[in-house]
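Grab your viewer and let's work through a couple of pocket exercises. Try each task before you read its solution.

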Amino acid sequence: MPKINRHGRAEIWDETDLAKLRKTIKNPRHLLLLDLLQYTGERIGAICKLLNEDCYEPDGNPRTTILFRAKN
């Protein structure tokens, strides 16, 4: 059951729920956002503030880790 006005219980989505959600998303940017949320466990605000250099090396290759800045 979702929270309403800060009351209720949060729940963790299982793989079935995530698969249903992934099927409905058509925009590749939104899919990337969902994947980053799922695999990092980070807040959406921190992920939206990521810069290109936080995810990619200067030569264009992906980093082995994502840099989440302290100010986020």
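**Exercise 1.** Work out which helices each supply at least two residues of the lining of the largest pocket.

*Solution.* Helix 2 (28-40), helix 3 (44-48) and helix 4 (52-55) each do that; helices here are DSSP runs of H or I with at least four residues, numbered from the N terminus. A pocket is an open set of points on a 1 Å grid over the protein atoms alone where a 1.4 Å probe fits, with protein on both sides within 12 Å along at least five of seven lines, and lining residues have an atom within 4 Å of a point. Before going on, keep in mind that this is a predicted model, where local features need pLDDT of at least 70, side-chain atom pairs need 80 or more, and totals for chains, interfaces and linings use all residues. Residues are numbered from 1 along each chain as its sequence is written, and side-chain values use heavy atoms, leaving out hydrogens and water.

The lining has 16 residues, with Leu32, Leu36, Leu50, Cys55 and Tyr56 nearest the centre.

**Exercise 2.** Find which residues line the second largest pocket.

*Solution.* Look for Glu11, Ile12, Trp13, Leu18, Leu34, Leu37, Gln38 and Glu42. Helix 2 again takes the largest share, here three residues.

**Exercise 3.** How many helices and strands does the protein have?

*Solution.* Count four helices and zero strands, which read along the sequence as α-α-α-α.
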